[in-house]
Amino acid sequence: MELNSRIPSGPLAEKWDSHRFQSKLVNPANRRKFRVIVVGTGLAGASAAATLAELGYKVDAFCLHDSPRRAHSIAAQGGINAAKNYQNDGDSVFRLFYDTIKGGDFRAREANVYRLAQVSTEIIDQCVAQGVPFAREYGGTLANRSFGGAQVSRTFYARGQTGQQLLLGAYSALSRQINSGGVTMYNRREMMDVVVVDGKARGVVVRNMISGAIESYSADAVLLCTGGYGNAYFLSTNAMASNVTAAWRACRRGAAFANPSFVQIHPTCIPVHGDYQSKLTLMSESLRNDGRVWVPKNKDDTRPPAQIPEEDRDYYLESKYPSFGNLVPRDVASRNAKEQCDQGKGVGSTGLAVYLDFGDAIKRDGEDVILRKYGNLFQMYEKITDSDPMVEPMMIYPAVHYTMGGLWVDYNLMTTIPGLFALGECNFSDHGANRLGASALMQGLADGYFVISTSIGHYFGSERINPVTNADAAFKEVENEVNERMQKLLQNSSGGPSGKVTVDDVHKELGRLLWDNCGMARNRQDLELALEELPKIKDKFWNSVYVPGAADDINQSIEKAGRVADFIEFGEFMIRDALAREESCGCHLREESQTEENEALRDDDKYSHVSVWEYKGDDQPPEMHKEHLVFENVTPSQRSYK
Amino acid sequence: MMSTIDLTLKIWRQKNSDALGDFETYILRDISTDMSFLEMIDVLNEQLTREGKEPVAFDHDCREGICGACGAVVDGVAHGPDLETTLCQLHMRKFKSGDTIVIEPFRSIAFPIKKDLLVDRSALDRIIQAGGFVSVNTGGTVDGNSIPVSTETAELAMDAASCIGCGACVASCPNGAAMLFTGAKIAQLSLLPQGHPERKERARSMVTQMDKEGFGYCSNEKECELACPKGISIRNIARMNREFLKSFLLGE
């Protein structure tokens with residue numbers, strides 16, 4: 001497999017400009033002759049679909065919800081970064097680039113990240129122009145806050161609902177194009193496979209989730225904007241329907257998958273509280289701006305928090321990392337919470353939680369100020385836990401949140417299948433081994449609004465694309481395979497459910513296996529064990545899972561079953577990737593690779609590369625390729641937040 | 001300590017749009033009061049699956065109260081008894097052991113039932129498509145700070161923009177009106193300077209589309225405001241009416 005990252009030559013700051021100049025263009029009058037399929041309508045998908053339609057391309061957009069406005073981008077709370085330097089606090093494109101590269105523990109491509117920092121400022125302008133109601137200062141200018149690990153205030157926000165407002169902005173642009181006929185919107189369609197003709201991605205096969213019909217759509221290029229795979233762990237902060245199917249099916253067709261083990265565990269989530277729990281809820285890490293994290297100094301101190309005096313509290317982040325304190329990056333905060341709980345200092349009924357305390361902030365700024373900043377988050381917390389953070393400290397614990405890994409893409413966001421692009425969380429490109437807070441929204445919109453239009457123009461301008469329709473044999477073949485898979489999911493359904501397991505039973509088992517062995521801390525022994533256990537889960541799924549209902553009907557059980565089957569297959573990639581990377585970097589802590597102070601220890605000599613996995617068939621292990629990372633503008637350093 | 005309750009559920013079951021529906025009764029035991037309402041339905045669905053019956057179909061996704069996918073009428077109230085709360089954020093501690101809970105889909109002539117509690121709300125999308133946007137293409141926009149907006153206006157616009165498009169306003173309105181939904185978008189964009197150039201056209205097209213979809217008119221019952229999980233005020237309906245009237249009175 002050839003991996004050509006197509007990074008433009010020239011100085012870092014000029015690469016994006018010169019790339020745009022060197023890319024081929026499509027004459028405006030010719031654009032309507034090209035059709036683009038966009039799968040997913042979150043930030044990346046909605047912005048890409050709208051932008052390409054504005055340019056004159058014909059766009060078919062697909063989402064699995066009842067409306068394109070529901071994608072999980074909507075749940076992002078904290079904000080979006082941009083190197084505007086509105087606060088005059090020393091920010092710049094280079095600083096945002098540097099922070100992102102460093103935050104990602106030097107496992108991302110310089111050129112991609114620099115471009116991301118460059119277009120970040122345009123994103124804000126674009127969103128303001130759409131009528132996104134960002135928070136304002138009294139003089140009417142845009143407000144900023146500092147966010148998770150950043151020493152400058154570069155985060156733009158709309159209360160605690162930034163993702164919602166940005167997504168509704170992109171959705172409004174998409175709606176405008178649906179209205180004008182530039183985009184044809186297909187709701188309640190789940191992508192089941194990608195269709196490759198003559199080596200190029202030429203369409204998708206989807207399941208109509210209302211009728212159950214398997215449908216084919218052809219196009220000249222396909223964009224996957226289908227988000228991350230955190231739900232492999234069963235419990236995560238992702239929405240219930242978030243899944244890996246689109247990316248995994250593309251992988252099986254030849255799109256390589258990069259760094260599948262890079263999973264961000266978010267430090268501030270509401271702790272698990274029961275077996276019936278269906279998902280974990282994130283509390284924006286903006287809370288760490290004013291909240292102080294602590295645990296009791298002594299093990300098994302069961303006093304209520306208010307009765308634990310200052311001298312018996314351990315503000316472990318502040319004492320361990322004096323310069324960053326409670327604002328250390330996510331991976332560091334998560335790991336430290338786990339460490340405290342492993343030492344028996346965890347709080348709450350399960351002992352798997354730490355306090356996030358607003359007492360001092362309320363004393364300093366007053367209740368009004370704190371409520372204005374975090375009111376809606378506090379309300380949400382209280383609804384779920386029945387406890388008021390204004391009165392007693394929140395309890396938080398890390399949870400699976402974001403996947404830095406994703407489909408491997410070149411500088412144009414194209415996968416190893418020509419004509420198949422991956423945008424947003426679905427690709428691996430910009431966050432390295434750890435994503436900084438408020439950077440996911442930035443990347444999704446950068447890809448969709450500003451990067452893909454150049455890539456698509458260049459692809460259509462330089463490739464010969466033969467006419468194809470969805471009646472062609474290639475489509476029929478994939479349709480048949482999808483139909484067979486649906487029938488296979490129902491194979492255990494005759495004879496009733498007795499002696500069988502439900503989809504959720506198996507999904508929970510997979511989730512536990514991954515969380516225990518491929519979660520916050522990893523080691524060879526556990527990973528090898530997980531690799532042995534995984535086929536047993538797969539067998540259990542196919543031999544004894546009971547799926548009620550029929551394939552040609554609304555059937556939420558079969559939807560779930562298909563996704564879990566793919567999570568199980570994909571799980572092998574995650575485990576193998578974690579096993580192969582015998583260093584610690586970012587989110588990926590290999591217990592064998594730590595400093596004397598138990599901080600993550602990178603090994604740049606051996607692992608300064610992207611691990612790129614190629615699917616080789618169901619009976620063979622995947623093959624790993626390496627894309628070596630070259631650092632010409634920054635010097636990889638051991639991250640230190642002390 | 002976690003406490004548990006026993007419940008009787010009466011749930012609307014309907015095979016598809018054409019079939020007749022009816023209530024079915026189910027008994028659930030040992031439901032933790034820490035569960036969300038949807039987790040309670042998950043438990044029911046696991047139970048039904050193990051009994052070889054079809055689970056209850058319902059829309060849901062983020063389970064954080066923001067995507068707007070979930071929603072049902074619980075004991076006659078859209079999203080249930082808790083104020084400013086989506087169904088996924090309603091918790092079982094609001095119910096008592098022995099309660100009978102009646103669960104039915106959002107009902108409106110514009111929201112055809114697809115199956116059980118799952119309805120088609122695409123009419124709301126079509127209202128937005130008719131004009132719920134600022135006509136600005138990607139690129140070439142001015143610097144964000146060159147459009148000053150007072151904090152007061154930004155806050156009012158944000159109040160309106162918080163709408164999650166769940167449709168509870170429609171389901172709770174005796175007239176099946178979508179005026180809170182439509183009004184919220186019109187208000188957001190008429191408050192902000194970015195929305196001004198198109199405000200007349202926007203008000204007219206969105207209101208026209210709302211009528212076309214079969215939604216009713218506001219008669220000031222205020223049920224929508226009470227049911228809205230985001231607490232959106234009916235002042236936005238007044239704002240929409242003003243925008244709509246002005247679009248005719250003030251000429252082109």
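This is a predicted model: local features need pLDDT of at least 70, side-chain atom pairs count only at pLDDT 80 or more; totals for chains, interfaces and linings use all residues.
## A buried arginine, a helix and an interface

The backbone oxygen of A:Asn326 lies 2.8 Å from a polar atom of the side chain of A:Arg288.

A:Arg288 sits in the loop of chain A that runs between strand E11 (263-269) and strand E12 (292-296). Is this residue buried or exposed? Its relative accessibility is 2%, and because buried means under 20%, A:Arg288 counts as buried.

| Side chain | Backbone oxygen | Distance |
|---|---|---|
| A:Arg288 | A:Asn326 | 2.8 Å |

### Helix H6 of chain A

Helix H6 of chain A covers residues 162-180, and at 1.5 Å a residue its 19 residues should span 27 Å, which agrees with the 27 Å between its end C-alpha atoms. Of these 19 residues, 17 are buried, so H6(A) is largely enclosed by the rest of the structure. Just after this helix comes A:Gly181, which takes a positive phi of about 90 degrees.

### Where chain A and chain B meet

The size of an interface is often given as the accessible area lost when the parts come together. Here chain B and chain A bury about 6,300 Å² between them, and 49% of that area is on carbon and sulfur atoms. The contact draws 77 residues from chain B and 77 residues from chain A.

How many salt bridges does the rule find across the interface of chain B and chain A? The rule finds 10, and one salt bridge joins A:Asp386 to B:Arg93, with the closest N and O atoms 3.8 Å apart. There are also 52 residue pairs in polar contact across this interface, both residues being at pLDDT 80 or more.

On the side of chain B that touches chain A, the elements that each supply at least two residues include helix H1 (37-50), strand E6 (113-115), helix H3 (151-161) and helix H5 (179-191). The largest share, 7 residues, comes from H3(B). Sorted by class, that side of chain B has 32 nonpolar, 23 polar and 22 charged residues.

Terms used
Residues are numbered from 1 along each chain as its sequence is written. Chains are lettered from A and ligands numbered from 1 in the order in which they are written. Side-chain values use heavy atoms; hydrogens and water are left out. Contact means heavy atoms within 4.5 Å. Buried area is the accessible area (1.4 Å probe) that two parts lose on being put together, summed over both. A salt bridge is a side-chain nitrogen of Lys or Arg within 4 Å of a carboxyl oxygen of Asp or Glu. A polar contact is a pair of N or O atoms within 3.5 Å; within protein, one must be able to donate a hydrogen and the other to accept it, and residues adjacent in sequence count only if both atoms are side-chain atoms. Helices (H or I, at least four residues) and strands (E, at least two) are DSSP runs, numbered from the N terminus. Ala, Val, Leu, Ile, Met, Phe, Trp, Tyr, Cys and Pro count as nonpolar, Asp, Glu, Lys and Arg as charged, and the others, Gly among them, as polar. The expected span of a helix is 1.5 Å times one less than its number of residues. Buried means under 20% relative accessible area, exposed over 50%, partly exposed in between (1.4 Å probe, protein chains only).
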